[in-house]
Amino acid sequence: MRVVEKQQLMSATEIDRTVQRLAHEIVEKSGGTANLALIGIRRRGVPLARRVAQAMRGIDGVEVPVGTLDITLYRDDLSTVAPQPVLQSSDIAFPVDDKDLILIDDVLYTGRTIRAAMNGLFDLGRPRSVRLCVLIDRGHRELPIEAVFVGRHVQTSDTEIIEVRLNEVDHEERVMLVERVS
Amino acid sequence: MPQRFRHMLGIEPLSAEQIVFLLDQSKPFQEIQRHPLKKLATLRGKTVGLAFFEPSTRTRISFSTAAARLGADTMNLQAEASSLRKGESLLDTLRTLDAMKPDCIVMRHSAAGAPEFIAGRLNIPVINAGDGAHEHPTQALLDALTIRDRKGDLAGLNVAILGDILHSRVARSNIHLFGKFGCRFALCGPAMWLPREFECLGYPLRRVARVEEALEGADVVIVLRVQQERLHEPALPLEEYILLYQLTPERLARARPDALVLHPGPMNRGVEIDPAVADGPQSCVLEQVTNGLAVRMALLFLLVGSTPADAKDAADAAH
């Protein structure tokens with residue numbers, strides 16, 4: 001698959017500002033951090049969740065636990081996504097029962113990843129609530145899934161792809177809009 | 001780096017890199033065993049055909065549970081009750097099973113090469129659950145996972161294997177696996193059960209007559225089950241086997257203090273292994289069983305969870 005870069009959507013500074021703002025929003029709309037826990041969806045949701053937790057330390061001074069979730073086993077499209085998908089481990093060191101979970105991912109698109117993530121979470125226990133936080137919402141939902149906390153809404157077409165590049169994974173920091181060309 | 005597997009017929013053709021990949025892919029499945037809800041829907045709608053032509057309880061239950069926990073269904077062929085007794089050929093039996101459209105076959109047979117024979121004739125993945133004295137790849141993988149978890153690394157270990165090596169597919173698969181990581185082997189048992197041909201495998205191994213000597217400096221001790229039916233072959237009375245070869249605490253003390261004791265099971269307590277060792281802190285037998293489930297889930301996931309056939313187009317179409 002070949003892609004052509006069309007436009008930079010967010011710079012490193014803008015990503016950081018957005019993460020800070022999202023952290024504030026989550027704290028504000030949760031009445032504090034007492035029962036909160038963040039779950040980063042592999043791969044790029046994980047560094048984002050860690051950054052949000054770090055920002056929350058600054059706001060409330062409290063440690064919000066961060067877990068990581070690999071959704072490969074819960075996907076509905078395994079046979080089409082890769083010749084042989086590679087599993088990573090999930091790591092949620094705290095009980096999810098009665099927690100207010102914030103699922104964190106980089107891009108919200110069809111909603112299937114989030115559906116899979118919820119299946120994974122509910123195998124672990126019964127959270128009190130689950131809300132979704134994403135850096136980019138690009139529309140085109142195929143399932144009834146919504147994000148309460150959104151960095152940016154971006155209109156996209158089917159041939160376009162949003163690439164979120166984060167230092168921890170990609171060794172660069174920006175959000176790009178790219179287009180698939182055949 | 002992701003690796004692709006079509007079948008799992010043996011350890012011998014695998015590279016060290018592929019083995020490391022398989023062990024890494026088993027880790028998430030180790031975690032799942034600790035969840036309150038252990039059932040996934042990953043292989044929902046898929047069917048795993050279990051074709052066991054040799055008696056097996058543990059391996060069959062392990063594969064069956066692995067399939068179930070991935071959400072798959074199973075077809076269960078058991079030799080005693082099967083049409084083989086009515087004279088049907090192996091190929092016909094498997095073709096009959098295949099006509100019911102399983103998504104893979106897990107096969108155990110007394111003839112070496114039987115799974116490979118079938119793999120060449122059906123169009124679905126085949127997993128070898130033990131073929132004669134040839135290979136038992138999932139056993140070696142679960143042994144490796146157990147050792148890697150406890151020791152951190154597989155490279156350069158001293159491995160002692162005790163017992164009926166001649167008839168042991170577990171020994172062969174383990175020698176292939178650990179051999180690829182530069183391990184050294186001491187094989188010990190009654191002379192009739194220590195084949196010289198193993199030296200042709202090309203790994204640093206030595207056949208040792210006395211068990212004390214074999215255990216000297218060992219990091220890993222693999223104890224094989226004595227099949228009492230076979231004791232008449234070297235004409236060795238049971239009491240003599242116990243006297244000469246049983247793994248006792250005193251003998252185990254000759255190995256490294258942090259040496260691990262593995263046994264593929266089922267154990268004959270008081271025969272090849274002293275109960276104190278079987279239940280002692282160095283024994284990994286129960287971990288082996290739990291890890292066996294994880295390894296088999298990982299294999300089923302890798303072989304059945306995606307379709308290599310349309311892989312290239314699928315990779316291009318990825319979201």
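## Gln7 in strand 1 of chain A

Let's start with one residue. Gln7(A) sits in strand 1 of chain A, which covers residues 2–10. The model you are looking at is a predicted one. Gln7(A) counts as exposed because it has 11 C-beta neighbours inside 10 Å, and a residue is called exposed at 12 or fewer.

Now look across to Asp60(A). Between Gln7(A) and Asp60(A) there are 36 Å from C-alpha to C-alpha, with a sequence separation of 53 residues. Asp60(A) belongs to helix 2 of chain A, and there it takes part in the contact with helix 1.

## Two crossing helices in chain A

Helix 1 (residues 12–28) and helix 2 (residues 45–60) of chain A have axes that come within 9 Å and cross at roughly 65°. The crossing of these two helices is right-handed.

Which residues of helix 1 of chain A meet helix 2? They are Val19(A), Gln20(A), Leu22(A), Ala23(A), His24(A), Ile26(A) and Val27(A). Their partners in helix 2 include Leu48(A), Val52(A), Ala55(A) and Ile59(A).

In chain A, the peptide bond from Arg42(A) to Arg43(A) is cis, with omega near 5°. Arg43(A) is in the loop between strand 2 (36–41) and helix 2 of chain A. Chain B has a cis peptide bond from Gly265(B) to Pro266(B), with omega near -10°, and Pro266(B) is in the loop between strand 9 and helix 10 (275–278) of that chain.

Positive phi values can be found too. Asp98(A), which is not a glycine, has phi near 65°. You can find Asp98(A) in the loop between helix 3 (78–81) and strand 4 (100–108) of chain A. His171(A) is also not a glycine, and its phi is about 60°; this residue lies between helix 5 (167–170) and strand 8 (174–181) of chain A. Is His171(A) buried or exposed? His171(A) is exposed, with 8 other C-beta atoms within 10 Å.

## The two domains of chain B

Turn now to chain B, where the domain assignment gives domain 1 (16–133 + 289–308) and domain 2 (137–284). The centres of these domains, taken over C-alpha atoms, are 26 Å apart. Where the domains touch, 17 residues of domain 1 are in contact with 17 residues of domain 2. On the domain 1 side, helix 1 (16–32), strand 4 (126–131) and helix 11 (285–304) each give two or more residues. That side is made up of eight nonpolar, six polar and three charged residues.

Helix 5 of chain B runs over residues 137–151 and reaches 21 Å from its first C-alpha to its last, close to the 21 Å expected. Eleven of its 15 residues are buried, so helix 5 is largely enclosed by the rest of the structure. Among the buried ones are Leu141(B), Leu142(B), Leu145(B) and Ile147(B). The buried residues pack against several elements, including helix 1, strand 4 and helix 11 of chain B. After helix 5 comes Gly152(B), with a positive phi near 85°.

Why is helix 11 of chain B described as largely enclosed? The reason is that 15 of its 20 residues are buried. The end C-alpha atoms of helix 11 are 28 Å apart, which agrees with the 28 Å its 20 residues should span at 1.5 Å a residue.

How values were computed:
Residues numbered from 1 in each chain as written. Chains lettered and ligands numbered in written order. Predicted model: local features only at pLDDT ≥ 70, side-chain atom pairs only at ≥ 80, totals over all residues. Domains from an automatic or database assignment. Contact = placed C-beta atoms within 7 Å. Helix = DSSP H or I, 4+ residues; strand = E, 2+ residues; numbered from the N terminus. Nonpolar A, V, L, I, M, F, W, Y, C, P; charged D, E, K, R; others polar. Axes fitted to C-alpha atoms, helices over the stretch in contact; angles between N-to-C directions. Left-handed = near helix turned anticlockwise from the far one by under 90°. Expected span 1.5 Å × (residues − 1).
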